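Here is a short briefing for a first look at this structure. Keep the sequence beside you as you read.

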Amino acid sequence: MKHQKFSAKVLVLITVLVTLATIVQAQENQNGAKRIVIRAGRLLNVRTGQILHDQDIIVEDGLIKSVGKASAAQESGTVINLPNATVLPGLIDAHDHITGDPSISDVDKIEMSNARRALKGARNARVTLFAGFTTIRNVGADGYPDVALRDAINDGDVIGPHILAAGPAITIDGGSCDNIRMAHQYHYTSPGVADGVEGVQHKVREVIKYGADVIKMCATGGLLSPTNPGALEYSMPEMQMIVAEAHRHGRRVAAHAHGAEGIRLASEAGVDSIEHGFLIDDAAIATMKKNGTYLVPTAYVIKWIPKHEAEMGLSPDQAKRLEAILNEAKGNLRKAFAAGVKVAFGTDAAVFPHGENAREFSIYVELGMTSIHAIQTATINGADLLGLKDKTGAIEPGKWADIIAVDGDPTADVRTLEHIKFVMKSGTVYKNEYAAPAAE
């Protein structure tokens with residue numbers, strides 16, 4: 001009997017000790033968490049456009065833990081003082097080609113290995129991150145170099161933004177995304193080529209198999225391909241199959257479309273976004289509004305291309321045709337913005353040099369947006385389109401600690417976003433021009 005009482009006491013003592021040890025371990029884990037306090041002189045609430053003053057952003061283990069009025073009490077952890085800066089969420093570019101750049105011609109694409117393109121992308125990814133873009137959607141890369149780059153960034157091998165990768169763009173044989181033209185005897189086609197309802201269903205499954213986060217398909221011709229930009233390429237049944245198969249596997253669909261008919265049919269087929277939309281008309285605008293389809297304008301190329309026609313190797317006829325379309329695009333995008341079509345920021349970086357992405361903002365303002373609405377396209381709207389609204393797009397508790405800072409007030413002059421001074425991604429600071437120089 002005494003033995004049983006003794007055993008019971010020992011058991012109780014062991015239980016108490018184990019409980020205490022667990023509590024102590026939990027406290028040690030909590031105290032050992034990587035904690036950063038960002039003291040922001042000004043914080044932009046991108047949902048309301050309100051500038052909040054003297055705010056503390058508490059970051060732990062790569063996530064935002066809390067946001068609130070700065071207190072006189074000393075916070076534990078590393079303190080980053082940004083008293084004269086405006087702080088806002090990391091920016092999102094929903095239309096990037098991170099493994100390309102203006103120097104890579106169609107001939108280069110044939111001669112360059114996929115590994116080399118991925119390494120080109122590593123350089124571009126760093127530049128893009130330092131320009132304040134902490135998330136991008138890469139919409140098309142033959143050979144999956146964007147998938148390899150995404151994985152390398154996620155593994156910490158290279159520096160860059162969060163990437164949603166598409167792999168090859170799905171296109172008809174000879175379409176705008178099958179734009180490398182070689183003689184017949186070489187039998188070259190883009191790896192994204194697929195025709196017919198069964199063909200596109202298989203191709204969607206294939207690109208997902210090899211790592212695609214998002215499906216890019218080409219609904220019409222393109223500006224920089226031999227095809228007519230306004231011409232419809234995929235049929236309605238083919239587009240419906242692409243969307244149905246992608247959505248069944250949890251992937252969203254971005255549709256390259258310039259022509260109005262292609263925009264309208266792609267929206268009716270259920271795509272999540274129309275890329276470019278330069279020849280959009282009233283009927284296509286109404287269809288996109290009805291279906292809640294996002295427009296990703298890539299408007300900076302409207303200014304960039306005419307200034308760089310010679311280095312792009314355009315013939316006089318090509319340049320004349322292109323300039324006419326770009327001039328028409330300004331009025332068409334202005335109408336879409338005024339009509340209230342949902343807009344997510346996207347640039348087509350690689351047509352122009354990476355790092356210039358933020359120059360897109362001022363074009364939106366020129367075409368009728370307010371500065372805060374332009375900023376929203378690259379924050380809350382972009383996050384919504386990419387399916388990341390619970391992870392990024394605003395400085396709020398529980399979201400990734402993707403935070404940037406600039407001088408001045410971007411709601412007064414959106415061009416301040418072309419000069420990013422501070423970049424944090426997932427709680428790691430990659431750029432801080434406000435930091436005091438280290439003592440020698």
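Residues 24 or more positions apart account for 68% of the contacts in the protein chain with a separation of 6 or more, where contact means heavy atoms within 4.5 Å. This is a predicted model: local features need pLDDT of at least 70, side-chain atom pairs count only at pLDDT 80 or more, and totals for chains, interfaces and linings use all residues. Residues are numbered from 1 along each chain as its sequence is written, and side-chain values use heavy atoms, with hydrogens and water left out.

**Overall**

- The protein chain has 440 residues, and 52% of them count as buried. Buried means under 20% relative accessible area, exposed means over 50%, and partly exposed lies in between, with a 1.4 Å probe and protein chains only.
- The chain holds 14 helices and 14 strands. These are DSSP runs numbered from the N terminus: helices are H or I with at least four residues, and strands are E with at least two.
- Along the principal axes, the C-alpha atoms fill a box of roughly 95 × 55 × 50 Å.

**Helices H9 and H11**

- Helix H9 (residues 300-307) packs against helix H11 (residues 316-339) at an angle of about 160°, with the axes 10 Å apart. Axes are lines fitted to C-alpha atoms, for helices over the stretch in contact, and angles run from 0 to 180 degrees between N-to-C directions.
- H9 and H11 are therefore roughly antiparallel to each other. Angles over 145 degrees count as roughly antiparallel, under 35 as roughly parallel, 65 to 115 as roughly perpendicular and the rest as oblique.
- H9 passes H11 in a left-handed crossing. That label applies if the near helix is turned anticlockwise from the far one by less than a right angle, and right-handed applies if clockwise.
- From H9, the contact uses Val 301, Ile 302, Ile 305 and Pro 306; from H11, it uses Leu 322, Leu 326, Ala 329, Lys 330 and Leu 333.
- The residues of this H9 and H11 contact divide into eight nonpolar, no polar and one charged. Ala, Val, Leu, Ile, Met, Phe, Trp, Tyr, Cys and Pro count as nonpolar, Asp, Glu, Lys and Arg as charged, and the others, Gly among them, as polar.
- Tyr 300, Val 301, Ile 302, Trp 304 and Ile 305 of H9 are buried. Their cover includes helix H10 (309-312), H11 and helix H12 (360-366).

**Other helix pairs**

- Helix H8 (residues 282-291) packs with H11 at about 35°, with axes 10 Å apart. The crossing of H8 past H11 is right-handed.
- Asp 282, Ile 285 and Lys 289 in H8 meet Lys 335, Ala 336 and Ala 339 in H11. The residues of this contact split into three nonpolar, no polar and three charged.
- Helix H6 (residues 236-248) and helix H7 (residues 260-269) pack at about 45°, with axes 9 Å apart. H6 and H7 are therefore oblique to each other.
- H6 passes H7 in a right-handed crossing. Met 236, Met 239, Gln 240 and Val 243 of H6 make the contact with Leu 265, Ala 266, Glu 268 and Ala 269 of H7.

**A parallel sheet**

- Three strands form an open sheet in the order E5-E6-E7, with parallel pairing. Two strands pair if DSSP finds at least two bridges between them.
- Strand E5 (91-96) and strand E7 (162-165) are the edge strands, and each pairs on one side only. The twist averages 15° from one strand to the next.
- Four bridges join E5 to strand E6 (residues 133-138). Asp 93 stands opposite Ile 136 in E6.
- Helix H4 (residues 145-154) lies across E6 and E7, at about 150° to E7.

**Single residues**

- Ala 166 sits in the loop between E7 and helix H5 (196-209). Ala 166 is buried, with a relative accessible area of 1%.
- Among the residues that Ala 166 touches are Asn 138, Gly 140, Asp 146 and Val 207.
- Asp 54 has a positive phi of about 55° although it is not a glycine. Asp 54 lies in strand E2 (residues 51-60) and is partly exposed, at 44% relative accessible area.
- Ser 426, also not a glycine, has a positive phi near 50°. Ser 426 is in the loop between strand E13 (422-425) and strand E14 (428-432) and is partly exposed, at 29%.

Technical notes: Lists of a residue's contacts leave out its neighbours within four places in sequence.
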